[in-house]
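Hello,

I am passing this structure on to you, as promised. Please open it first, and then read my notes alongside it.

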Amino acid sequence: MQSTMNDPILEVRGLRAHIGAPRGVVRAVDDVSLTIGHGQSLGIVGESGSGKSVMAKAIMGMLPRRSGCSGQILFRGRDMLALPNKELRKIWGAQIAMVLQDPGRSLNPVVRVERQLTEGMRRHLGVGRAEARSRAVALLKEVGVPDPERRMRNYPHELSGGMRQRVMIATALACEPELLIADEPTTALDMTVQRQILDLLRRIQRDRGTALMLISHDLAVVAGRTDRTAVMYAGRLAEVGATRTVFAAPRHRYTHALLGAVPTIDHPRHTPLRLISGTLPDPVDPPPGCRFGPRCTAARTECGVPGPAMTSVGDDHGVACCVPVSFPAAPLSGGESHGG
């Protein structure tokens, strides 16, 4: 099936991913469906352990050996889970590229920056050495690396953390991918460099028309930098919609609680922040119903029934909650307070 510009560039349908563990099978992603349009940016947020990174690795074919997945991952209308490795190698790194959390691990420490930037271009784009080098210098300049000619001769350990992340982004962009997946791309960086890298990703996404999946446990990372946001909890989607809508009027109790725990500029000094009580459910033996139910102060009997299904609560706004938040929302109640 041939896709058109009106179709999603990526469509995940009923994705399930499991990983073998000593205690049993971890159902890291459980029946997740979402879409990203051409040139669109989608933020994936949730606590550590919610399945965000596992979903990204499933898309990139990076799941560990003792794992498997089912459902559909449609890229430009083709189901990647049904394609042979020969076809997938033409997609990974060329049409879909990934920026990981730690460039120190992703970049080869014994290979100069030039080679790491040009290898993919020569293999996937078929360009010669001189053209690949010229493109690499231009890429380094585009991502804000000073003196790119000199940096081409460097090894990764000779660069700062922020500079290595810029090289990693340049490497991901080298083959002009249509979709860029950034998995916690700034976690290891200080706040100033973090903002620079995030703004760089947003600018590149807009200027190039590249679709972007931005994954983070930090709500502030996706706020103002993505068109749409999907909230994951314990392997499932809790809420999805336009970023402005999800942040201004969260309907899932989990999203509402997450936002309530984020400090703001106008937060009264010496007033404790509110944390979400409890912990994520056991990934080997999760509850049958709403997985947030055991931590939810509004949980009812029906929350223990298998489900709940994603339900539309507005234009491009879905929520998987039996008792969605009404607006104007009442103040958060329950949970823990934490002084700091």
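Two strands count as paired if DSSP finds at least two bridges between them. Helices (H or I, at least four residues) and strands (E, at least two) are DSSP runs, numbered from the N terminus.

A word on the source before the findings. This is a predicted model, in which local features need pLDDT of at least 70 and side-chain atom pairs count only at pLDDT 80 or more, while totals for chains, interfaces and linings use all residues. Residues are numbered from 1 along each chain as its sequence is written, and side-chain values use heavy atoms, with hydrogens and water left out.

Let me begin with a hairpin. Strands β12 (residues 311-314) and β13 (residues 317-319) make it, with 2 residues between them. Their pairing is antiparallel and runs over 3 bridges; G314 has H317 in β13 as its bridge partner. In the turn, D316 has a positive phi of about 55°.

Next comes an open sheet of 4 strands, in the order β2-β1-β4-β5 with antiparallel pairing. At its edges lie β2 (24-36) and β5 (78-79), each of which pairs on one side only. Between β1 (residues 10-21) and β4 (residues 67-75) there are 8 bridges, and I19 has S67 in β4 as its bridge partner. Helix α1 (residues 52-59) packs on this sheet and touches β1, β2 and β4 (contact means heavy atoms within 4.5 Å). The direction of α1 makes about 110° with that of β1 (axes are lines fitted to C-alpha atoms, for helices over the stretch in contact, and angles run from 0 to 180 degrees between N-to-C directions).

Have a look at helix α7 (residues 161-173) too. From first C-alpha to last, its 13 residues reach 19 Å, close to the 18 Å expected at 1.5 Å a residue (that is, 1.5 Å times one less than the number of residues). In α7, 10 of the 13 residues are buried (under 20% relative accessible area; exposed is over 50%, partly exposed in between, with a 1.4 Å probe and protein chains only). Among them are G162, M163 and L173. Their cover includes β6 (96-99), α4 (113-125) and α8 (191-208).

Finally, the cysteines. The whole structure has 0 disulfides (pairs of cysteine sulfur atoms within 2.5 Å). For C296, the nearest cysteine sulfur is that of C321, 6.2 Å away. C296 counts as buried because its relative accessibility is 16%. For C322, the nearest is that of C303, 4.2 Å away. At 30% relative accessibility, C322 counts as partly exposed.

Enjoy exploring!
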